[in-house]
Amino acid sequence: MREALIVWGGWSGHEPQECAEIIKTMLEEDGFKVYLEHGTEALADPSVHDLSLVVPIMTMSKIEKEEVKNLAAAIESGVGIAGYHGGAGDAFRDSVDYQFIIGGQWVAHPGNIIDYTVNITRPDDPLMEGIADFPYTSEQYYMHVDPSNEVLATTRFTGEHAYWIDGVVMPVVWKRKYGKGRVFYSSLGHQAKEFDVPEMKTIFRRGANWAAR
């Protein structure tokens, strides 16, 4: 049986506990044995190397050097990691080692909660099968991203809330490798209610299963 570890905490506005429970249920439905841990301490445990998947839900927060070192070594050896929104893309702002794993870092969401469009750029990829461009209401994440990411979906900024980024196309969903490990990230999912959006939930679910070894 595949085993997954969800670590949750950090900024409460992203409803980390509620989202952790949603993802736990989702992964259990897909045949995982799931462990829930509050905080980052579990990431330093040697047992991380035996997992199939790690899901961080830790907006902002701090990670200790031994924790990120162990996590990075586990992923490099083949453990998968899947994350979303600020729980993974705005976690551990002072850890460049962690940002190297995820492949991006949040820097802004001009206009805060707004309406925008998610554009599917790789409809041929199994993670995006049957999903067309769709409207979305949430924070539109502006991120610094790794050029080695394999981008599956993007969004375009209008410049309405920050005129100097008018027309910028920004990755929303990507996958990548870190050593032998698979990394999946989606910037969608500001709060738990966004898992009610079928496209958002399906993309994350497929991404987590793809990442898991």
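**Reading a sheet and its cores**

The end C-alpha atoms of residues 4-211 lie 11 Å apart, and this span is 25% helix and 34% strand (DSSP runs numbered from the N terminus: helices are H or I with at least four residues, strands are E with at least two). This is a predicted model, where local features need pLDDT of at least 70, side-chain atom pairs count only at pLDDT 80 or more, and totals for chains, interfaces and linings use all residues. Residues are numbered from 1 along each chain as its sequence is written, and side-chain values use heavy atoms, without hydrogens and water.

User: What is the strand order of the open sheet?

Analyst: In general, strands of a sheet pair through backbone hydrogen bonds, either parallel or antiparallel. Here nine strands form an open sheet with mixed pairing, in the order β2-β1-β3-β4-β11-β10-β9-β6-β7 (a pair needs at least two DSSP bridges). β2 (33-38) and β7 (134-139) are at the edges with a single partner strand each, so one side of each has no neighbour in the sheet.

User: How many bridges join β10 to β11?

Analyst: Six bridges join β10 (residues 169-178) to β11 (residues 181-186), and the two run antiparallel. V173 stands opposite S186 in β11.

User: Which residues have the most contacts inside the largest nonpolar core?

Analyst: A nonpolar core is a set of buried Ala, Val, Leu, Ile, Met, Phe, Trp, Tyr and Cys residues joined through side-chain atoms within 4.5 Å; buried means under 20% relative accessible area (1.4 Å probe, protein chains only). In this model the largest has 39 residues, and I23, L27, L53, V118, F184 and F204 have the most contacts inside it. Helix α5 gives the most to this core, with six residues.

Key. Buried means under 20% relative accessible area, exposed over 50%, partly exposed in between (1.4 Å probe, protein chains only).
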